[in-house]
Amino acid sequence: MVSSTATPTRPAATASRGPTVRTRLFAIPEMRWAAAATALFALGLAAKLTGGPSWLWWSLLLACYLTGGWEPGLDGLKALRDKTLDVDLLMVVAAIGAAAIGQVVDGALLIVIFATSGALEALATTRTEDSVRGLLTLAPDTATRLTGDGEQTVAAADLAVGDVILVRPGDRIAADGRVVDGASEIDQATITGEPLPVDKTTGDDVFAGTLNGTGALRVRVERRAEDSVVARIAALVEEAGRTKARTQLFIEKIEQRYSIAMVVATLAVFVIPLILGAALRDSLLRAMTFMIVASPCAVVLATMPPLLAAIANAGRHGVLVKSAVVMEQLGATTHVAFDKTGTLTRGTPELAEIHPLLDYTEDQVLRLAAAVEHPSEHPLAAATVRAARQRGLSIHATADFAAQPGRGVSGRVDGSFVRVGSPVVLPDGEPGDQTAPGTATPTPSPSGETGDQTAPVGGSPRASSARELVAIVQSRGRTAVVVLSDDEPIAVLGFTDQVRPEAAGAIAALTESTGSAPVLLTGDNHATAAQLARQVGITDVRAELLPHDKVAAVRALEGDGARVTMVGDGINDAPALAAAHVGIAMGGAGSDLTLQTADAVVVRDDLTTIPAVIALSRRARRVVLANLAIAGGFIGVLVVWDLVGHLPLPLGVLGHEGSTVIVGLNGLRLLRSSAWRRAQDQATERTT
């Protein structure tokens, strides 16, 4: 076990969170304008409903038009200058037309909807940019460079390849490099997602932004700051954000054609009767009636309320979906890819097996190991102590406790000298061998491969038996730890990450609902990944992946026509989340960058909500299609009536508003808790 009481090693979940400076909510102009428009609309509506003077509520609602409509109107005019016509300008024109015939409240509501939508989009963009900037601050601004004259504090950006830097206990590493002297444990969850600190010694690679544990290291710089892995993660997120195709709601996909057709038709309805000799007022009234009944208000409400209601319902049940577009996209998922640590597992180790040697029992071994581990803060030490307490064992006091950074722990318990460490503490039979306690976990290479740290075969028969047990434990994808009493091995312990109890059920439900088995994408080694995959029912395992490898895997799947939903929690998952069709973050231990990059967040870390929210999205899509049929039917009837007959304006408004109410109420059915329960049942009924 690696330990030091002076400099605690923080859990991976904590270390993975980088410092992030967030833009204040109302520092975003779109948020200020949308808030002002909403407040003015509320005041104007209240004044109208309470019988206030007409000049007052008209003034308030017209002010709502100005504050909420100037920006989409300006964007629409710019698009018009570029010879395109978008729905923003169309909705502003429709709102003005509504006000022109006395329907100022309807027009103001339309303005508020569009202003709020634009503000939320701006907020999401700003938060992601903030998180990318926060990621870059993971690496420290300065480093201690070693020169012939001693130590020199320099900017991390000024470090050159070949420089040697000193990394003190508790410091973050300033540059990607290779250890040239010293030993310590490094929390590199930000890069590989591994749940436990990794032991590093001479010759091992380390990454910028990762957290040093209890030992001092001398590191030779191998890459400049702009080429470090953490910088490349930030670049991958930004690149994915730029290259990821802009997805749109159904109505937005046809907005250009619909907008042009509506403008042309409105002008025709106004001009043609004038040419044929109709009165100006009659032509204008008919054209305004046509604009009202043909305006896409009902179509917009046909799309938005079901998706927004589904978002609200999912939020009540622990899934934060960030936009209506995301809710629509979730239903198109055909493949799901999972990270391992912190996603399918809790990222917390547990003692899985005890193999006693000599005449010791499991309880005796555990009591001794827990006594020595009790003063240590290492995650494996905490797991050992927790297992002893779960068995109701008393933990004795330890005398002469000692810890070597990056090596292990030892102490005297009930008169025996007890060591706990990795397999390198096993005696190799060489004369005078007094090997200090070793590291707690195998040391991965930069690609995630676990290096062989087993001591040369030799020594006592008990040591040989211990090595055989170590090989068995490691072959199961578990971390092997040996316990020695008076330099004789007495047991081998096996540790594993805690699998979320609902993981297997969620995997089965997703396999049934999407028609394809989920994929495991992890930075851990193959043995550990395969062991976890067998437990939860995943057959497609891709291990030892760095962040850019995960992005490549996601893009390869999507290149074959799949719609991939990626689920992860760490900074190393953020590029893949950004590149995927939909990215879902685990909220409990998710890094700031991951939470902001993801399109949805599982707030309560309950994996069963993922198949449920996909099922809810599919139901919302069905409701949207039904609503579009209803809205289209009403619009078609009213437009034909206005064109071939004489549709009274009040009746046109009534039909238009009636269709709007119908589709709105139909969409709001998804707010009910029964809609979520039905989605859960649909997600699980095939697996029960």
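1. Strands E18 (residues 519-521) and E19 run parallel and are joined by 3 bridges; strands are DSSP runs of E with at least two residues, helices are runs of H or I with at least four, and both are numbered from the N terminus. Two strands count as paired if DSSP finds at least two bridges between them. Within this pair, Leu521 has Arg542 of E19 as its bridge partner.

2. The model is predicted, so that local features need pLDDT of at least 70 and side-chain atom pairs count only at pLDDT 80 or more, while totals for chains, interfaces and linings use all residues. Residues are numbered from 1 along each chain as its sequence is written, and side-chain values use heavy atoms, with hydrogens and water left out.

3. The pair E18 and E19 belongs to an open sheet of 7 strands with mixed pairing, in the order E10-E22-E21-E20-E11-E18-E19. Strands E10 (319-321) and E19 (540-542) are at the edges; each has a single partner strand, so one side of each lacks a neighbour in the sheet. From one strand to the next, the twist averages 20 degrees (axes are lines fitted to C-alpha atoms, and angles run from 0 to 180 degrees between N-to-C directions).

4. A second open sheet has 6 strands in the order E2-E1-E3-E9-E4-E7, with antiparallel pairing. Its edge strands are E2 (150-155) and E7 (205-206), each of which pairs on one side only. E7 is joined to strand E4 (residues 177-182) by 2 bridges in the antiparallel sense, and Val206 in E7 is the bridge partner of Gly177.

5. Lys340 lies in helix H13 (residues 340-344). Its relative accessibility is 2%, and Lys340 therefore counts as buried (under 20% relative accessible area, with exposed over 50% and partly exposed in between; 1.4 Å probe, protein chains only). The side chains of Lys340 and Asp524 form a polar contact at 2.8 Å; such a contact is a pair of N or O atoms within 3.5 Å, where within protein one must be able to donate a hydrogen and the other to accept it, and residues adjacent in sequence count only if both atoms are side-chain atoms.

6. Leaving aside residues up to four places away in sequence, Lys340 touches several residues, including Leu520, Leu521, Asp497 and Thr528 (contact means heavy atoms within 4.5 Å).

7. The protein chain contains 24 helices and 22 strands. Of its 688 residues, 53% are buried.
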